[in-house]
Amino acid sequence: MPVIRSSAQPSISGQIKAAIYPTSQAERATFRTINGKRITEHQWDVYDFTKTIPRGQVSTYADVCRAVGGSPRSVGSALRSNPFAPCIPCHRVIASSLYIGGFVGEWGPDSKTKTQYHRKVAILKEEGVIFTEKGYLQEKERVWKENRKI
């Protein structure tokens, strides 16, 4: 029996939404999140840059903010509310210390649900990115460096 694929993808929050990422200014101006919120220019810049991080590589919150502006916290905030996952691979952004960092607003294995840390580790492991038992990147050459401004 053939597998039927849908254009809808499960989001990090578990809800189904179309995997369509607005690229034109007109589409972006009218886009609203599931909660009816607009996405800021800074968030679009973060998402555009994050989309370019190759599978099997990671970048840091600091490297993303160097590329698009803002601060590591503003990058984390934009990624925490990413409505385009997995199209925009927010799981590929880690802390500058090379610690796995946050995922879905949770930081570390002892956070609120005690699941998102392990979920991020598993997703990155599927892409070939391995972390130590303490949550640090095992192969530093997996850090992708792209010094371009959007």
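## A walk through the helices and cores

Let us start with α3, which is mostly covered: seven of its eight residues are buried, where buried means under 20% relative accessible area, exposed means over 50%, and partly exposed lies in between (1.4 Å probe, protein chains only). Those buried residues are Tyr61, Ala62, Asp63, Val64, Cys65, Ala67 and Val68. Just after α3, Gly69 adopts a positive phi of about 95°. This is a predicted model, in which local features need pLDDT of at least 70 and side-chain atom pairs count only at pLDDT 80 or more, while totals for chains, interfaces and linings use all residues. Residues are numbered from 1 along each chain as its sequence is written, and side-chain values use heavy atoms, with hydrogens and water left out.

Now step back to the whole chain. It has five helices and six strands, and along the sequence they follow the pattern β-β-α-α-β-α-α-β-β-β-α. Helices (H or I, at least four residues) and strands (E, at least two) are DSSP runs, numbered from the N terminus. Of the 150 residues, 43% count as buried. Among contacts between residues at least 6 apart in sequence, 59% join residues at least 24 apart; contact here means heavy atoms within 4.5 Å. The chain exposes about 8,900 Å², and carbon and sulfur atoms supply 53% of that area. Accessible areas come from the Shrake-Rupley method with a 1.4 Å probe, and for residues only the protein chains shown count as cover.

Val75, Gly76, Ala78 and Leu79 are its buried residues. Seen down the axis of α4, they fall within an arc of 160°, so they line one face of the helix; the arc is that of the directions from the helix axis to the C-beta atoms. On the face turned away from this buried side, α4 carries the exposed residues Arg73 and Arg80. The cover over the buried residues of α4 includes α2 (41-51), α3 (61-68) and β4 (93-94).

How do these helices cross? The axes of α2 and α4 come within 9 Å and cross at roughly 80°, which makes α2 roughly perpendicular to α4. In this pairing, His42, Gln43, Val46, Tyr47 and Thr50 of α2 meet Ser74, Val75, Ala78 and Leu79 of α4. The axes of α3 and α4 come within 8 Å and cross at roughly 100°, and α3 and α4 are therefore roughly perpendicular to each other. Here Tyr61, Ala62, Val64 and Cys65 of α3 make the contact with Pro72, Val75, Gly76 and Leu79 of α4. Axes are lines fitted to C-alpha atoms, for helices over the stretch in contact, with angles running from 0 to 180 degrees between N-to-C directions. Angles under 35 degrees count as roughly parallel, over 145 as roughly antiparallel, 65 to 115 as roughly perpendicular and the rest as oblique.

In soluble globular proteins, nonpolar side chains tend to be buried together. A nonpolar core is a set of buried Ala, Val, Leu, Ile, Met, Phe, Trp, Tyr and Cys residues joined through side-chain atoms within 4.5 Å. The largest one has 22 residues, of which Val46, Tyr47, Val64, Val75, Leu79 and Phe84 touch the most other members. Helices α2, α3 and α4 each supply at least two residues of this core, and the largest share, five residues, comes from α3. Apart from it lies another core, of 12 residues, among them Ile94, Ile100, Phe131 and Leu137.

The loops hold some details to look at too. In the loop between α4 and β4 sits Pro86, joined to Ala85 by a cis peptide bond with omega about 5°. Ala95 lies in the loop between β4 and β5 (102-103) and is buried, with a relative accessible area of 9%. Leaving aside neighbours within four places in sequence, Ala95 is in contact with Thr60, Tyr61, Ile100, Gly101 and Trp107. Leu98 belongs to the loop between β4 and β5 as well; its phi is near 75°, a positive value in a residue other than glycine.

Finally, Lys114 lies in the loop between β6 (106-107) and α5, and has a positive phi of about 60° although it is not a glycine. At 48% relative accessibility, Lys114 counts as partly exposed. Gln116, in helix α5 (residues 116-126), counts as buried at 12% relative accessibility.
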